[in-house]
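Trainee: I'd like to learn how to read a protein model, one feature at a time. Could you walk me through this one?

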Amino acid sequence: MTSLAVLSVASEVYPLVKTGGLADVVAALPQALAAEDVPVCTLVPGYVAVLAALEDGAEVHRFADLYGGPARLLRGRAAGLDLMVLDAPHLYSRPGGPYQDPSGRDWPDNAWRFAALARAGAEVALGRAGAYVPDLVQAHDWQTGLLPAYLHAEGGPPTVMTAHNLAFQGIFPAPVFGTLGLPPSAWSIDGVEYYGSVGYLKAGIALADAVTTVSPSYAAEIRTAAGGMGLDGLLRKRGERLLGILNGIDTAVWDPETDTALPACYSAARPAGRTLSKVALQARLGLDVQPNALLYGVISRLTWQKGLDLLLEALPTLLGTGAQLAVLGTGEPALQAGFAAAAQAHPGRVGCVIGYDEKLAHLIQAGVDALLVPSRFEPCGLTQLCALRYGALPVVARVGGLADTVVDANEMAAAAGVGTGVLFAPPSRDMLEAALLRTARLWGDRELWRRLQRNAMRTDVSWKRPAARYAALFRDLLASRAA
Ligand code: ADP
C-alpha cells in the first residue's frame, strides 16, 4: 500500500478553534488516517489562538496580496497535527469568533476571508506554495467550498467535499462572484451559482470529485426535498459519488478510564467512579444528591436544530417520572432563558449552565444516566458517541447519525443483548414524552439498565472504521484519475 498525502482544509480545529463537531473531526481524523498510511497536513486560518499555539512555524509561501493585504503560509505543529496556517492578519487577526464579531454578527467580509482560505489551499494543491504537494484535497464545509471550484478550473489533485451540516451553506450576493478569480463559466447551475447568489458549499458539492457527509442516514436524508435544504436535486445528481461516512470520536480525549475531569475514573468492569461522578455533578449543578434518581443530561448548542424546545415542552413528563435534568449549552436567547427559568422553577430537579465548558461536558457524560439528543436533524452527532463510551444511555431522535449509532433497546434488542439506548421518531413533543416514559421503565429494571450500559460502553466509537472508509475512498478516487 503506497502512502497517500492528503491536504485537509478547514476553518476550525480542536482545541484551538471550535464552534461545533467540525473541529473535533478535523483534529481527530488525521491521527486515524495516519494508521492507514494516509499522512494528513491540515490547513487552517491564522486566527490569533492558532498562531499562538503553532510550534516551529516556518514560512513556506508568501502572497503579496490576498484579498486586501499580504499573507503567508506557515507550517509547523500544533494540537498534535502537521499544521499549515494561513497567516493573514487583515482577515483573521480580530477579536470575536471565527465567523462573527464579539456582538454575534457575521463578519461582513466572510466571503473573502474564506475565499482566501480556499485560494491558499488551491495554491498548495497546485504545487505553487512550497515543497509540499498533496495527492488529494479534503475540503470541510462551506468555508472551503470554493477549493474544489478552483481545482476544477485549474487542474490539480482530486478533491473531496465533506459536508458536516447542510444548514450552513455560505451564501453570498452575486457580485461577490466577480472577486473570486473563477472563470466566467463557473457562474452556472453546475458551478457556484445558487438561485442567483454565490453558494460556497454548493460549489464544492457540484465540483468536487466526491462528496461525503457524516453518516449514511444523513446522506440519504439530504437527497430528499425535506432534508436537502435546497441542495437535494444536486445531491441526487452526484449519485454514488455522495457517501455517508460516520464520524468517530477521539477515544484518548474521551476515555473514562483516564479522564482527569472526573472525580474518579471508571470502566464497565469497575463502574464505581460513575456514581461518584453523578454525585459530584448533582452537587455542582445544585441538584438533589440522589444516586437513585434517573439523571438526564444535555450538552448542546441551544438551537432549533437540536429540538430542545421539545424538551422544554416535555419537561413536566420528565419530572413526572421522578427524573432530574442537567443542561450545558449556549445558543438562542429564548432557549437559554427557557432552561434557566426551568432551573429556577424546579430547584434540585433541573440544573442548567449556560456557557461552553469542556470539562463540565466530561463530567456530565460521566455523571448522567442518559443523554438526551432530541434533534430535528443531526448529520452525525458526537455527543451520543461520547455518551456511549461513558455509559450514559443516549435517548435520541431517530434521525441522521443518531439513527446510525444508537441501537434501540426494544424488547428483542434487549433480549439479544445489543440495545444501547432509546430512539424515537418523529422528533415531536409526543414522541419525546413517550421515549421519556420508556426510559423511566428501563431505569426501573436496574439489572437490564446495567446490561444496556455495558453494551453502550462496548460500542466501537473510535475513528478506526471511519478512517479506513475514508482511506478506501481516497485511493479509489486516485485510481479513477489514473485510469
Ligand atoms: P454540532 O456540531 O451540531 O454542534 P455535535 O454533537 O456534532 O454537534 O458536536 C458538538 C460538540 O461540541 C461535542 O464535542 C460536544 O461535546 C461539544 N459541545 C457542545 N456544546 C457544548 C458546551 N456548551 N460545552 C462544552 N462542549 C460542548
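Mentor: Let's begin with polar contacts: a polar contact is a pair of N or O atoms within 3.5 Å, and within protein one must be able to donate a hydrogen and the other to accept it, while residues adjacent in sequence count only if both atoms are side-chain atoms. Here the side chains of glutamine 384 and threonine 405 make a polar contact at 3.1 Å. One caution before we go on: this is a predicted model, so to speak of a local feature we need pLDDT of at least 70, and side-chain atom pairs count only at pLDDT 80 or more, while totals for chains, interfaces and linings use all residues. Residues are numbered from 1 along each chain as its sequence is written, and side-chain values use heavy atoms, with hydrogens and water left out.

Trainee: Where is glutamine 384, and is glutamine 384 buried or exposed?

Mentor: Helices (H or I, at least four residues) and strands (E, at least two) are DSSP runs, numbered from the N terminus. Glutamine 384 sits in helix H13, residues 383-390. As for cover, buried means under 20% relative accessible area, exposed over 50%, and partly exposed in between, with a 1.4 Å probe and protein chains only. Glutamine 384 has 0% relative accessibility, so it counts as buried. For contrast, take aspartate 106, in the loop between H3 and helix H4 (110-125). Aspartate 106 has a relative accessible area of 51%, so it is exposed.

Trainee: Now the ligand. Which residues come nearest to the ligand?

Mentor: A residue is near a molecule if one of its heavy atoms lies within 4 Å of it. There are 17 residues around the ligand, and Gly21, Arg301, Lys306, Gly355 and Leu382 come nearest. Look at the atoms, too: an N or O atom in the side chain of arginine 301 is 2.7 Å from a ligand oxygen. The backbone takes part as well, with a polar backbone atom of glycine 355 lying 2.8 Å from a ligand nitrogen and a backbone N or O atom of leucine 382 at 2.9 Å from a ligand oxygen.

Trainee: How much of the ligand does the protein bury?

Mentor: Accessible areas come from the Shrake-Rupley method with a 1.4 Å probe, and for residues only the protein chains shown count as cover. Taken alone, the ligand exposes 570 Å², and the protein buries 92% of that.

Trainee: Which elements give two or more residues to the shell around the ligand?

Mentor: Those are helix H1 (21-34), strand E13 (295-302) and strand E14 (324-331). E13 gives the most, with three residues. Domain bounds come from an automatic or database domain assignment, and the shell draws at least three residues from each of domain 1 (6-248 + 464-482) and domain 2 (273-457).

Trainee: And how do I read ring pairs?

Mentor: Rings of Phe, Tyr and Trp (its six-membered ring) pair if their centres lie within 6.5 Å; planes under 30 degrees apart count as stacked, over 60 as edge-to-face and the rest as tilted. The structure holds 13 aromatic pairs. In one of them, tyrosine 47 and tyrosine 92 sit edge-to-face, 5.8 Å centre to centre with 70° between the planes. Tyrosine 47 is in the loop between strand E2 (40-45) and helix H2 (48-53), tyrosine 92 is in helix H3 (residues 89-92), and the two are 45 residues apart. Tyrosine 47 is buried at 7% relative accessibility, and tyrosine 92 is buried at 1%.

Trainee: Why is the pair of phenylalanine 172 and tyrosine 200 called tilted?

Mentor: Their ring centres are 4.8 Å apart and their planes meet at 55°, so the pair is tilted. Phenylalanine 172 is in strand E8 (residues 171-172) and tyrosine 200 is in helix H6 (residues 200-207), so the pair ties together parts 28 residues apart in sequence. Both belong to a cluster linked by ring pairs: Tyr99, Phe114, Trp142, Phe172 and Tyr200.

Trainee: What about the backbone?

Mentor: Most residues other than glycine have a negative phi, and most peptide bonds are trans. Here, tyrosine 14 and proline 15 are joined by a cis peptide bond, with omega about 0°. Another cis bond runs from alanine 425 to proline 426, with omega near -10°. Tyrosine 67 has a positive phi, near 50°, and is found in the loop between strand E3 (55-63) and strand E4 (71-78). Methionine 229 also has a positive phi, about 50°, and lies in the loop between helix H7 (216-221) and helix H8 (232-237).
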